[in-house]
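Colleague: Could you take me through this model, giving the cut-off behind each term as it comes up?

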Amino acid sequence: PYYVGAFIVCMIMVVLSVTRTAILMVAILSFLQFLQGFTWFKKIILGAVIALSGYFIMINLPMYQDMKEVSEAQIDATQTEEKEDVRIGAWRYYGYGANESVVTFLFGNGLPSLGKSAWGRHIDSFTEETGYFIADVSWAGMIFIFGLIPTLSLFIIVVLSISKQKIASQRYLSYYMIYVLVRGFASGVWFFSEEIFITMIVLYLIYKGSSINDRKDIIESVVNNRRTFVVN
C-alpha cells in the first residue's frame, strides 16, 4: 500500500536526522502501531524478527557507529571528569534553580530578550558557558518561561489527548502525542515552530475530530435504524 512507502521515506528522514532520541522513539512507536490487530503470538514473532533485523542492519551502518561513539564519549566525560550531564544540569537550573521566588516558579520568568536586555545577555552568556539550552529540555524550559501552572496545564492536555478514546484510524494521533510528551523531557518540541505547528494540528484532530466522528456515528446509527432525529 502507498502508506508503506510513505512510512519508509519518513523513517529514512528520521534516521538521517541523527537524533538518537527521535530515532529510538519513532522506531518503538512505529513498531507498536504496526503490531496493532495482531494476536500476541504473532506480535512476539514479528517483533523478534523486526527487532533483530533492525539491529543487524543498524550496527553495520557508519552512522550508527558515529552515534555510538558520541554516546560513549559523553558517558566517559561524565564519569571521568565528574561532570554533571548537561541535560540533567539544564533540568535542575530551568526547572527550579533559576527561579528567584515562588511567584516566578508558578507563573514564569517570561521570555528573555536574548542579546538585547541585560537579563537576555546574561542568559546568552550563561548558556554558552554551561551548555544549558532551554531547547534541550522543553518541559523544564516551559516552567522557566511560563511557570509551573501553565506547564502543568499543557501537560494535562497532552496526557488527556493520549488517553482520549479514538477510532482505529485515529490511533496514530495518540502515538504522536506520546512522542511529544516523552521527547519534551530532552528536546525542543515546545520551542521549534514547525513542531509546535504540527502538534497543534494533531491536538485539533484529536479534540475536534473526535466530535466530528461522534456526529458521523450518530448519523450512521440513525440511517441504519431508520429513525428520525433532529440534529442541532
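This is a predicted model: local features need pLDDT of at least 70, side-chain atom pairs count only at pLDDT 80 or more; totals for chains, interfaces and linings use all residues.

Modeller: Residues are numbered from 1 along each chain as its sequence is written, and side-chain values use heavy atoms, with hydrogens and water left out.

Colleague: How many helices and strands does the secondary structure of the protein come to?

Modeller: Helices (H or I, at least four residues) and strands (E, at least two) are taken as DSSP runs and numbered from the N terminus. From the N terminus on, the elements run α-α-α-α-α-α-α-α-α-α-α. The totals are therefore 11 helices and 0 strands.

Colleague: What share of the 232 residues is buried?

Modeller: Buried means under 20% relative accessible area, exposed means over 50%, and partly exposed lies in between, with a 1.4 Å probe and protein chains only. In α2, for instance, the buried residues are Ala 22, Ile 23, Met 25, Val 26, Leu 29 and Ser 30. For the protein of 232 residues, the buried share is 29%.

Colleague: How far apart are the end C-alpha atoms of α10?

Modeller: The expected span of a helix is 1.5 Å times one less than its number of residues. For the 13 residues of α10 the span should be 18 Å, and the distance between the end C-alpha atoms agrees with this, at 19 Å.

Colleague: Is Ser 174 buried or exposed?

Modeller: Ser 174 has its place in helix α10, and its C-alpha lies 9.4 Å from that of Val 159, a residue 15 positions away in sequence. Because its relative accessible area is 12%, Ser 174 is buried.

Colleague: Which residue forms a salt bridge with Arg 87?

Modeller: A salt bridge is a side-chain nitrogen of Lys or Arg within 4 Å of a carboxyl oxygen of Asp or Glu, and by this rule the count comes to 1. Arg 87 lies in helix α5 (residues 86-97) and its partner in the loop between α7 and α8 (138-146), so the pair ties together parts that are 49 residues apart in sequence. The closest N and O atoms are 3.8 Å apart, and the partner is Asp 136.

Colleague: Which helix gives the most to the lining of the second largest pocket?

Modeller: On a 1 Å grid over the protein atoms alone, a pocket is an open set of points with protein on both sides within 12 Å along at least five of seven lines, and lining residues have an atom within 4 Å of a point. The lining of this pocket includes Tyr 94, Ile 123, Asp 124, Thr 127 and Phe 191. With 3 residues, the helix that gives the most is α7 (residues 118-130).

Key: On a 1 Å grid over the protein atoms alone, a cavity is a set of points where a 1.4 Å probe fits but cannot get out, and a pocket is an open set with protein on both sides within 12 Å along at least five of seven lines; lining residues have an atom within 4 Å of a point.
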